[in-house]
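Thanks for asking me to look this one over. Here are my notes, point by point, for you to follow along with the model open.

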Amino acid sequence: MYLYFFGDSISFGQGISVDLTWVNRIAQELHQQYGRDKITVINTSINGNTTRMALERMPYDIQSHDVDVLLVGFGMNDCNYWVTDKGVPRVSPNAFRANLEEIVNRAFHFGAKKVVLRTNHPSPRTDYMTNTDITYGESNHFYNEIIREVVGNC
């Protein structure tokens, strides 16, 4: 079985040793329980990625491989408002929803048997993002709700 992780820095493990990432720990546990010859864990996650960027790399990272289970993890970058974006999120809520739906549809179309969408951990940031009346924590919470809606519609 091939288990693929497809996400951003939360799945990549930005800033920590590879052996300490949660994805690596899951792989180690699965290998202990089922054996290395029964399951292969691949992490295609990239720091800073949004769902828009993910769709661009999906043909190589996911569609061209034999993916049995796909674990998708995006949103922390999508919901962010950069100073240069002048008050709009990196990926709008509507585009985020559509991007997640397309990722799920493509995964199934190209042979995935199961797709799992994960929500993101809460953010303690309470300062307003530049040119907005929303905190990062609030935006992250809102995008997590979108993830839950997409899961409910799949």
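In which sense do strand 3 and strand 4 pair, and over how many bridges? Strand 3 and strand 4 (residues 114-117) pair in the parallel sense, over 4 bridges.

1. **Ground rules.** What you see is a predicted model, in which local features need pLDDT of at least 70 and side-chain atom pairs count only at pLDDT 80 or more, while totals for chains, interfaces and linings use all residues. Residues are numbered from 1 along each chain as its sequence is written, and side-chain values use heavy atoms, with hydrogens and water left out. Helices (H or I, at least four residues) and strands (E, at least two) are DSSP runs, numbered from the N terminus.

2. The 4 strands form an open sheet in the order 2-1-3-4, with parallel pairing; two strands count as paired if DSSP finds at least two bridges between them. Strand 2 (40-43) and strand 4 are the edge strands, each pairing on one side only. From one strand to the next the twist averages 15°.

3. If you want to trace the pairing by eye, begin with strand 1 and strand 2, which run parallel and are joined by 4 bridges; Tyr2 has Thr40 in strand 2 as its bridge partner. Strand 1 (residues 2-7) also pairs with strand 3 in the parallel sense, over 5 bridges, and here Phe6 stands opposite Val72. On the way to strand 4, Leu70 has Val115 as its bridge partner, and Leu71 stands opposite Val116.

4. **Strand 3, covered on both faces.** In strand 3 (residues 69-73), 5 of the 5 residues are buried, where buried means under 20% relative accessible area, exposed over 50%, and partly exposed in between (1.4 Å probe, protein chains only). Val69, Leu71 and Gly73 point one way, Leu70 and Val72 the other, and all are buried. In a regular strand the side chains alternate between the two faces of the sheet.

5. **Two nonpolar cores.** A nonpolar core here is a set of buried Ala, Val, Leu, Ile, Met, Phe, Trp, Tyr and Cys residues joined through side-chain atoms within 4.5 Å. The largest one has 29 residues, and Phe6, Leu70, Val72, Ile103 and Val115 touch the most other members. Two or more residues each come from strand 1, helix 3 (51-63), strand 3, helix 4, strand 4 and helix 5 (136-153). A second, separate core has 9 residues, including Val23, Leu30, Val69 and Leu71.

6. **Ile103 up close.** Leaving aside residues up to four places away in sequence, Ile103 touches Phe6, Thr51, Ala54, Leu55, Met58, Val72 and Phe74. Contact means heavy atoms within 4.5 Å.

7. **Helices around the sheet.** Helix 3 lies across strand 1 and strand 3, and runs at about 160° to strand 1. Helix 4 packs on the sheet, touching strand 1, strand 3 and strand 4, with its direction at about 160° to that of strand 4. Axes are lines fitted to C-alpha atoms, for helices over the stretch in contact, and angles run from 0 to 180 degrees between N-to-C directions. Strand 3, helix 4 (residues 93-109) and strand 4 make a right-handed β-α-β unit: with the strands pointing away from the viewer, the path from the first strand over the helix to the second runs clockwise.

8. **Helix 4 against helix 5.** These two helices pack at an angle of about 35°, with their axes 10 Å apart. Pro93, Phe96, Arg97, Leu100 and Glu101 in helix 4 meet Phe142, Tyr143, Ile146, Ile147, Glu149 and Val150 in helix 5.

9. **Two loop residues to look at.** Most residues other than glycine have a negative phi. Lys86 has a positive phi of about 50° although it is not a glycine; Lys86 sits in the loop between strand 3 and helix 4 and is exposed, with a relative accessible area of 69%. Asn131, also not a glycine, has a positive phi of about 65°. Asn131 lies in the loop between strand 4 and helix 5 and counts as exposed at 52% relative accessibility.
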